[in-house]
Amino acid sequence: MSSQQDNQRVEKDRCLVRQWMSDPSAEPLVIQYGRSYKPRDVLWPGWASIIRQNLRSLLVLIAGVIPLSSCKVVIYRLLGMKIGKGVFISPHVMIDPLYPELITLQDECVLGVGCRLFTHEVTATNFRLGRITVGADSVVGAYSTIRSGVTIGEGATVGFDSFVNRDVPRGATVVGIPARVLDGREGAD
Ligand SMILES: CC(C)(COP(=O)(O)OP(=O)(O)OC[C@H]1O[C@@H](n2cnc3c(N)ncnc32)[C@H](O)[C@@H]1OP(=O)(O)O)[C@@H](O)C(=O)NCCC(=O)NCCS
């Protein structure tokens, strides 16, 4: 990372991330980063932000191993997650340590054992950010993975070990990799 052009691109991408964060209804943000800089140059411009990120990651790790759901809820709320009433978070759930604040868990939903919610994603060329909403009274099946940008509708069920990369209609049951609606269980939408 050296040339003035690279510095300008990094600054522009930082600005894009800030703007995207301030719009709760925005579609997932995908940034193509150059060969000459990495997502970390955009996300953590200085030591203070690196230290802050490490502390947040530590809290996410601690919440992950605490067995009591109510204690997890307290920690995740401190990290900015929006969590409704009666939400149950099972052991070994993995919450994205980079952007937990992009996750909303609505009332009475359940996160099954070992499921994973990723609000960010890095590939060799792209960086993607997206919000995740888990609808009221829905269940995320054990060991499933939810991709950034996905909304799981109210009262929906995600089967064991699924990969959910599209929105799930209200009341539907989805299974598989990638997750698809089970015949006869399309739900209400
Ligand atoms: C999706 C689920 C609810 C379906 O259970 P069910 O109503 O008893 O349905 P069935 O077992 O009759 O399965 C129906 C079909 O879906 C398929 N299926 C069920 N779960 C599946 C999964 N996780 N992945 C892929 N296919 C699945 C079955 O093979 C069957 O297909 P077929 O009709 O071609 O034989 C259940 O399998 C499941 O995954 N539950 C997750 C519960 C969970 O993790 N809760 C949170 C932690 S406790």
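**Exercise 1. Count the helices and strands of the chain.**
Solution: The chain has four helices and 17 strands. Here helices (H or I, at least four residues) and strands (E, at least two) are DSSP runs, numbered from the N terminus. Residue numbers start from 1 along each chain as its sequence is written. A heads-up: this is a predicted model, where local features need pLDDT of at least 70, side-chain atom pairs count only at pLDDT 80 or more, and totals for chains, interfaces and linings use all residues.

**Exercise 2. Check the radius of gyration of the chain against a compact globule.**
Solution: Start with the rule, which is 2.2 Å times the number of residues to the power 0.38, with the radius taken over C-alpha atoms. For 189 residues a compact globule would come out near 16 Å, and the chain's 17 Å agrees with that. Then look at the extents: the C-alpha trace spans about 55 × 35 × 25 Å along its principal axes.

**Exercise 3. Work out how α3 and α4 pack.**
Solution: First find α3 at residues 47–65 and α4 at residues 69–78. Their axes (lines fitted to C-alpha atoms over the stretch in contact, with angles from 0 to 180 degrees between N-to-C directions) are 9 Å apart, at an angle of about 165°. So α3 is roughly antiparallel to α4, the label for angles over 145 degrees.

Next, pick out the contacts (C-beta atoms, placed from the backbone, within 7 Å): Leu 59, Ile 62 and Ala 63 of α3 meet Lys 72, Ile 75 and Tyr 76 of α4. Sorted by type, the contact has five nonpolar residues, no polar ones and one charged. Ala, Val, Leu, Ile, Met, Phe, Trp, Tyr, Cys and Pro count as nonpolar, Asp, Glu, Lys and Arg as charged, and the others, Gly among them, as polar.

**Exercise 4. Describe the backbone at Pro 178 and at Glu 108.**
Solution: Go to the loop between β16 (173–175) and β17 (180–181), where Pro 178 sits. The peptide bond leading from Ile 177 to Pro 178 is cis, with omega near -10°. Now move to Glu 108, in the loop between β5 (103–105) and β6 (110–111). Glu 108 isn't a glycine, yet its phi is positive, near 65°.

Key. Angles under 35 degrees count as roughly parallel, over 145 as roughly antiparallel, 65 to 115 as roughly perpendicular and the rest as oblique. Two residues are in contact if their C-beta atoms, placed from the backbone, lie within 7 Å.
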